[in-house]
Protein chains: 2
Amino acid sequence: MKGCLRVVGIGPGAEGLLTPLARRALEEATAVVGYRAYLEMVAGLLAGKTAIPFELGQEVERARKALALAGEGERVVLLSSGDPGIYGMASPALEAWLALAPQHRPPLEVVPGVPALTACAALLGAPLGHDFAVVSLSDLLTPWEVIVRRLEAAAVADFVVVIYNPRSRGRPWQLGEARRILLRYRHPDTPVGVVRRAFRPGQAVAISTLGTLDETTVDMETTLVVGSSRTLARDGVMLTPRGYRQEVEA
Amino acid sequence: MKGCLRVVGIGPGAEGLLTPLARRALEEATAVVGYRAYLEMVAGLLAGKTAIPFELGQEVERARKALALAGEGERVVLLSSGDPGIYGMASPALEAWLALAPQHRPPLEVVPGVPALTACAALLGAPLGHDFAVVSLSDLLTPWEVIVRRLEAAAVADFVVVIYNPRSRGRPWQLGEARRILLRYRHPDTPVGVVRRAFRPGQAVAISTLGTLDETTVDMETTLVVGSSRTLARDGVMLTPRGYRQEVEA
């Protein structure tokens, strides 16, 4: 029996945003490995399969377990919410895969998904209408100086900035620092989209500003979109015009 | 009769990556507006609907036409390939929507999709495993100086850089300039993922380097992913490790 590993993005968690390719991969799987909460999101598709839940933080363990099962002949799905390539399981899975001797590597495929950044953007309007940068504020695996340098660069170059992992109980201060950095280059009135649990039960969408953002409303299930100098917020929508010239000429 | 406008991302074009939400929006539509080639991608879902094809470049016209039809009571879908928020139709549609008097605005919804950047990343491995910046090289609506500033900033801060609209017959030189800028900060051996027509007929995936990239193989249907200083290419996959420390400690 020939095993394989598919690293599958299930999107934000809504069935309407689970792609047919991801659904098919789940249907064809014999074993599904994932963070406990993501397994619950696809519980309806797990009947008759071995489901192997893990806790947060155990990304490397999940990748190794999934590879080991594929090596034993299972057709394994390793779950990611959103897209597996964006702060998801594709990177740890491929690191573990490359660490195996070539003859021990099972076939590996990454199935893309709707990432949090586009799900959140859709609920806000069109904040990513022009160039943007994506930064995680988690300094668990990345030195804070690297994150600061990226925020500075994104601010200087007038990128819209999407912020993942903005704030948790264990990391309460990074978001405040990030705001201070961005405020050195961008007006306090710059719109900030605040989206919690996009397309999931408990979804909350708000548009704040860099100057007035209430950090205590932000948690690990929140994604932030900080506008560029061109981004406007009006009548409940956040919009970054696609063209620079179009606006200048208007 | 009450009209509405849905700006719908159909993903890269493969049926397996068309979300159920996008499919449902198309099924419920009475009129579908879009670039001719995108209408062809969903031709199987257009029976009995008014399909209104436009050419490239007519983004503003498409948005206005879609809004006008919604105002006349049609349930309109405005098509985008990939995700409508990323260089897609969400921004021009919302610009046109905000320009209407509030009482003339039809209900508007953005339906997210699998963007080209995650589709291409999945085919390459895990190149977006850490922070990244997304830049379009099209200077039709954006001054070239703005694009240069963004490329510089992304390079300095060691972002992975995703490049949309890299090269066309009318814009043959911008990619060469972008390469020269990135090469000032990044090693010639930096991996560059070159993905053409991801998940479509004629798909081509290659991994080159910043130093050896053959620009003449790149066209408007190609998306490029330029690695950070941490990105590696090995055994046919491109990988940006998720953690900085993990690698340092290894």
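Trainee: How many residue pairs are in polar contact between domain 1 of chain A and domain 2 of chain A?
Mentor: The count is 3 residue pairs, both partners at pLDDT 80 or more. Keep in mind that this is a predicted model.

Trainee: And what is the class make-up on the domain 1 side?
Mentor: Where domain 1 of chain A touches domain 2 of chain A, there are 7 nonpolar and 2 polar residues, and no charged ones.

Trainee: How many salt bridges cross that interface?
Mentor: The rule finds 0 salt bridges between domain 1 of chain A and domain 2 of chain A.

Trainee: Back up a bit. Where are the domain bounds in chain A?
Mentor: The domain assignment puts domain 1 at 4–114 and domain 2 at 117–249. Their contact takes 9 residues from domain 1 of chain A and 10 residues from domain 2 of chain A.

Trainee: How far apart are the C-alpha centres of the two?
Mentor: The centres of domain 1 and domain 2 of chain A lie 29 Å apart.

Trainee: What area is buried between them?
Mentor: About 690 Å² is buried between domain 1 of chain A and domain 2 of chain A, and carbon and sulfur atoms give 66% of that.

Trainee: Which three residues supply more than any other three on the domain 1 side?
Mentor: Those are Pro12(A), Ile86(A) and Tyr87(A). Together they supply 62% of the area that domain 1 of chain A buries against domain 2 of chain A.

Trainee: Now the chains. What area is buried between chain A and chain B?
Mentor: About 6100 Å², with carbon and sulfur atoms giving 62%. The contact takes 70 residues from chain A and 70 residues from chain B.

Trainee: How many salt bridges are there across the interface of chain A and chain B?
Mentor: The rule finds 4 salt bridges there. One of the salt bridges in the model joins the side chains of Arg105(A) and Asp235(B), at 2.6 Å from N to O. The interface of chain A and chain B also has 29 residue pairs in polar contact, both at pLDDT 80 or more.

Trainee: Which helix gives the most to the chain A side?
Mentor: Helix α4 of chain A, residues 90–99, with 7 residues on the side that touches chain B. By class, the chain A side divides into 40 nonpolar, 15 polar and 15 charged residues.

Trainee: Which strands of chain A and chain B are joined by 3 bridges?
Mentor: Strand β7 of chain A and strand β7 of chain B, residues 132–136 in each, are joined by 3 bridges and run antiparallel. Phe132(A) stands opposite Val134(B) in β7(B).

Trainee: Different topic. What is the strand order in the open sheet of chain B?
Mentor: The order is β6-β13-β12, 3 strands with mixed pairing. The edge strands of chain B are β6 (125–126) and β12 (232–234), each pairing on one side only.

Trainee: Do β6(B) and β13(B) run parallel or antiparallel, that is, which of the two?
Mentor: They run parallel, with 2 bridges joining β6(B) to β13(B), residues 237–239. Ala126(B) stands opposite Leu239(B) in β13(B).

Trainee: Last one. How many salt bridges are there over all chains?
Mentor: A search of the whole structure finds 30. Among them, the side chains of Asp219(A) and Arg196(A) meet at 2.8 Å, N to O. That pair links distant parts of the chain, 23 residues apart. Asp219(A) is in the loop between β10 (204–209) and β11 (222–226) of chain A, while Arg196(A) is in strand β9, residues 191–196 of chain A.

Methods: Residues numbered from 1 in each chain as written. Chains lettered and ligands numbered in written order. Heavy atoms only, no water. Domains from an automatic or database assignment. Contact = heavy atoms within 4.5 Å. Buried area = accessible area lost by both parts, 1.4 Å probe. Polar contact = N/O pair within 3.5 Å; in protein donor to acceptor, adjacent residues only side chain to side chain. Nonpolar A, V, L, I, M, F, W, Y, C, P; charged D, E, K, R; others polar. Pairing = 2+ DSSP bridges. Helix = DSSP H or I, 4+ residues; strand = E, 2+ residues; numbered from the N terminus.
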